Structures are given as structure tokens and as C-alpha cells.
Amino acid sequence: MTAFEPTSEGIAVGDGMAVAPTVSRILMEWNTRNVMESDNQQQFGQGRPVLLRGGTVLTMDTQRRVLTDADILVVGDQITAIGPRLAAPDDAAVIDARGGVVMPGMIDTHRHMWQTSLRGYGADWTLTQYVVVYLMQYGRLYRPEDIYAGNLLAAIEAIDSGVTTVVDWSHGLRTVEHGAAALDALRAVPGRFVLAYGGNIEIPNGGWATTPDFRQFADRHLPGDDMLQFQLALDVTSTDGFPEQDFFDVARDLGVAVTTHAGIWGYNGDDSIRNMYDHGAMRPGTIYIHGGSLSEESFRRIADTGGFLSISTESEQSAGQGYPPTAAAQAFGVPVSLSTDTSVWWSSDMFTAMRATLGAHRARGHLQAHEKGETLLQNSLRAEDVVDWATRGGAHALGRGSDLGSLEPGKKADIVLVKNESSPVGFPVLNPYGHVTLQAQRADVHSVLVNGRVVKHKHQLIDIDLTDARRKVEDTVDHLRGLVGEEQWNTSMNPDLAA
């Protein structure tokens with residue numbers, strides 16, 4: 001095919017000779033069909049280069065550069081070039097990103113994936129009802145295959161909504177067979193995952209981590225690989241002594257980070273942080289989830305020891321852990337990532353997480369100003385900040401800032417295209433950060449690449465058997481419903497609001 005470039009007179013062909021505008025339009029239309037839309041017939045084969053053409057690119061690099069009408073070339077598992085009008089390899093699959101926003105894959109640093117089988121079941125619960133009904137009742141009834149079903153559906157949901165990396169905060173693993181099922185489900189889906197092994201919550205102080213069964217599990221599966229890594233998950237609730245010391249020693253021996261719910265009103269707070277600090281358990285890379293009821297001193301300790309916050313705004317607002325601590329994170333320099341917690345209650349998509357976080361922060365700022373008889377004239381949290389937290393912030397929290405979280409040559413090709421030509425909300429894209437945070441939703445995720453592999457295109461998942469996932473989840477629901485009985489099932493789902 002003859003190469004051509006636009007000119008003021010038409011299109012320059014071959015030796016630069018101009019052709020008439022009418023012919024120019026014909027040639028341009030032909031070129032558009034064959035270069036930009038040919039991916040209708042393309043198969044995204046393993047190792048085939050991919051070119052995302054003509055999008056608005058949120059690089060999320062340190063300068064937070066926004067590139068318009070830019071291309072991204074992916075070869076293998078890496079981004080190899082970003083810029084205007086890149087030359088595509090002859091065998092490249094081309095994705096038309098014009099009119100869309102291209103951004104890094106989002107990273108969720110705290111999701112109880114095993115609970116996805118009961119999506120929305122606890123919509124009217126309090127935190128106490130969640131603990132009593134789900135963790136202490138239903139959690140005891142989960143078979144390994146139920147863990148698998150929940151993780152499988154959650155993993156599929158994640159990549160479908162543009163979340164390319166998820167930390168599976170897995171505290172329903174009553175046996176190592178449950179743990180193996182969780183791993184198998186994560187490996188069955190072409191996303192990037194971290195299994196935060198939470199063991200059996202009925203064994204206090206993380207004692208499960210010292211058992212021979214768990215150590216054998218760890219020896220078989222750790223340290224993991226690029227696509228599936230590990231953390232250990234535990235909540236520190238003690239006030240006397242530090243019975244969790246053995247757990248933290250195991251994490252240190254295994255060389256994995258710890259993730260912990262912290263600052264949950266009425267459950268754990270500053271005493272837990274103080275115990276961790278006094279016993280040397282606050283290591284760099286520890287992720288502290290929620291943090292809504294922590295004091296200034298606790299935030300200083302998290303910052304000083306190289307910790308990270310995982311803020312789950314929908315959860316904190318609805319379940320009462322405390323107000324989402326975005327302002328404290330800004331004040332004390334604690335790096336932030338975002339998370340969705342559990343879909344037994346909430347939405348489990350990062351667009352909602354960003355929107356809720358932005359709204360909560362601003363609402364509190366306005367309220368504090370009003371209490372002083374003032375009017376807030378400048379927002380201290382911007383749309384681009386929460387996009388940063390949902391991408392680069394998560395990468396840094398997981399120790400992956402060098403290869404994930406931003407779109408730069410040499411980094412892993414975890415990429416999301418937000419574009420929906422069938423939606424009246426899909427255009428115009430004037431402020432791309434504002435569009436992503438306050439306009440877009442999961443249905444607007446057009447294409448997703450994980451590790452260079454196209455796993456979703458034109459709003460359709462690729463090589464994902466959703467029918468099988470549905471069948472497995474339905475089996476879990478039937479299993480749990482059958483064991484507790486219809487009366488208890490309905491009572492648990494619809495708690496007495498007057499109680």
C-alpha cells in the first residue's frame with residue numbers, strides 16, 4: 001500500500017503529488033476502514049504486537065502528562081513506544097482509541113474476592129451484621145469449590161471493569177485446600193493478582209501461619225511469579241502484649257508484605273498500631289486498610305515506617321469504620337491506594353471508588369468550612385489525584401512502581417481504553433481526568449490489556465467462559481441457601497431495621 005500523509009491540499013501520495021479532495025476523502029475512508037477498523041476481524045494472538053491508535057492518553061507518570069491524539073505500541077508484555085502517528089509493525093493488531101481515554105490498568109489493593117458469590121446480599125447490613133452473618137456463619141460453610149467460584153467471578157469482573165491487578169484479601173481460607181482453590185481460580189483468569197492469604201479467622205492472632213499445613217503450602221507456592229504474587233493478611237486486635245509476633249515473624253521469613261485492616265471503629269485502632277510499632281512489625285510496604293479512626297500519631301507512624309493506606313470509601317462511609325482519611329493522608333504524607341472491599345455490600349468497581357472518594361473528601365471540606373462560617377473556594381483533592389491513587393498509587397503500594405501503574409515505554413502493558421460510542425455520556429471528552437472519575441462507568445471500558453494480552457475488546461471479554469462462572473456461583477448459592485434454610489436466608493439478607 002502506498003504511504004500517504006495529510007497536506008493542506010489533500011493527501012500527498014508517494015512522491016508528494018497532491019490529489020483532489022474528493023479522491024482524498026475516498027482514500028482516507030479506505031485507509032480508516034483498513035487500518036483503524038480492521039481489528040473487527042483480527043485475532044489477538046499470543047505475542048502479536050498491538051497498537052492503540054489516536055487516543056487521549058493519561059500517562060500517570062511523575063509529571064502526569066496528558067497526550068492527545070497519541071498512539072501506544074505494545075510488543076510482547078511491554079509498552080515500547082508512545083507518541084503521535086507511530087509506525088505499526090506489519091503484523092500489529094490496531095485498536096481504534098480515537099475519542100477515548102487510554103489509561104493504566106487500575107489496581108485494587110483490597111478486595112474480598114471469595115465473597116463475590118453473594119453479590120449485594122448484605123446491602124442493608126451494618127458491620128456487626130456482616131461479621132456475624134457472613135464471616136461467622138456463612139464463612140464456616142464455604143467449601144473449597146465455593147472459594148473457587150467467588151474468586152473466579154471476582155477475577156472476571158475485575159478485568160471486565162478495567163482493574164488489571166487485584167489484591168485478594170482472602171480471610172475465608174479455613175484449610176489449605178481452600179487456599180489452593182483460591183489460587184486455582186486466580187490462575188484461571190488472565191489478570192494480575194496478589195493472594196493475601198488470611199487463613200482461618202477463627203484461629204486467633206494469625207496462629208494459622210505457624211501450622212505445618214500452611215508452611216507446606218507456602219513452600220509449594222511462594223514466591224509466586226509476575227502475574228500471581230503473595231501477601232499475608234491479618235488484623236491486629238490485641239491490647240496486651242503482642243501475640244501476633246509469630247505471624248509477623250513468618251511474614252518476614254517468607255519475604256512477603258503484610259496487609260491489615262486498621263483504624264476500624266470499635267474493632268482496632270491506635271492501640272493496635274502502637275503494638276505493631278513497639279514490636280517492630282510496621283515494616284516498609286505494609287498496607288493499612290481503612291484507617292478512618294486513627295489518630296495523628298498513628299498516621300505519623302505509618303508514614304515514618306514506609307506504610308501505605310488502602311482507602312475503601314464506600315465501605316468506610318457505609319459500614320462505619322470512620323470517615324475516609326484522605327485529608328489525613330495528605331497532611332502526613334501517607335501514600336494512598338484505593339480499594340473496593342466486598343461486593344456482598346458494594347459495587348467493586350474502581351470508577352465508583354474514585355467518584356466516592358472524591359465526593360467524600362470534598363463533602364468533608366465543605367462541612368468543615370461551613371462550621372466556621374466560611375465557603376470553600378478551592379478543592380484540595382482533584383480528579384487527577386484519585387486517578388493517580390487508583391493506578392500508580394496501587395502499584396507503589398504493591399512494590400510494583402517500577403513496572404506498573406503508569407503508561408511509559410519499558411513498563412508492563414496493563415492498559416485500559418475508556419470509550420463508548422453507543423453512549424451519550426461517551427462524548428465530548430473535554431477534561432479526561434474528570435471524564436474518567438465523574439462520567440465513566442464500567443460499561444464504558446472498551447478494551448483491556450493485561451501483560452500485553454488483549455483480554456477485552458469492543459466491550460466483550462475474550463476467551464472468558466462467563467457461563468461456567470455463573471454455573472459455579474449458582475451452585476454456591478444453592479449450597480449455602482440449602483444449609484441455612486429459607487427462613488434464615490431471608491432473615492439474614494433483610495435484617496430487622498429496628499434492632
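What percentage of the 499 residues in the chain is buried?

1. Buried residues make up 55% of the chain. Bear in mind that this is a predicted model. The chain has 15 helices and 20 strands.

2. Now the overall form. A compact globule with 499 residues would have a radius of gyration near 23 Å. The chain has 24 Å, which agrees. Its C-alpha atoms fill a box of roughly 85 × 55 × 45 Å along the principal axes.

3. Next, contacts. Take those between residues at least 6 apart in sequence: 74% of them join residues at least 24 apart.

4. On to charge. The chain has 40 positive and 62 negative charges, and their mean positions are 3 Å apart. Side chains of opposite charge can pair when their charged atoms come close. The structure holds 33 salt bridges.

5. One of these salt bridges joins Arg53 and Asp71, with the closest N and O atoms 2.6 Å apart. Arg53 lies in strand S4 and Asp71 in strand S5, so the pair ties together parts 18 residues apart in sequence. Buried means under 20% relative accessible area. Arg53 has 16%, so Arg53 counts as buried. Asp71, at 2%, is buried too.

6. Arg140 pairs with Glu202 in a salt bridge, at 3.0 Å between the closest N and O atoms. Both residues sit in loops, and the pair ties together parts 62 residues apart in sequence. Arg140 is partly exposed at 41%. Glu202 is partly exposed at 40%.

7. Glu296 and Arg300 also form a salt bridge, with closest N and O atoms 3.6 Å apart. They are 4 residues apart in helix H8, which means a separation of about one helical turn.

Terms used
Residues are numbered from 1 along each chain as its sequence is written. This is a predicted model: local features need pLDDT of at least 70, side-chain atom pairs count only at pLDDT 80 or more; totals for chains, interfaces and linings use all residues. Side-chain values use heavy atoms; hydrogens and water are left out. Helices (H or I, at least four residues) and strands (E, at least two) are DSSP runs, numbered from the N terminus. The radius of gyration is taken over C-alpha atoms; the globule rule is 2.2 Å times the number of residues to the power 0.38. Buried means under 20% relative accessible area, exposed over 50%, partly exposed in between (1.4 Å probe, protein chains only). Contact means heavy atoms within 4.5 Å. Lys and Arg count as positive and Asp and Glu as negative; His and the chain ends are not counted. The place of a charge is taken as NZ of Lys, CZ of Arg, CG of Asp or CD of Glu. A salt bridge is a side-chain nitrogen of Lys or Arg within 4 Å of a carboxyl oxygen of Asp or Glu.
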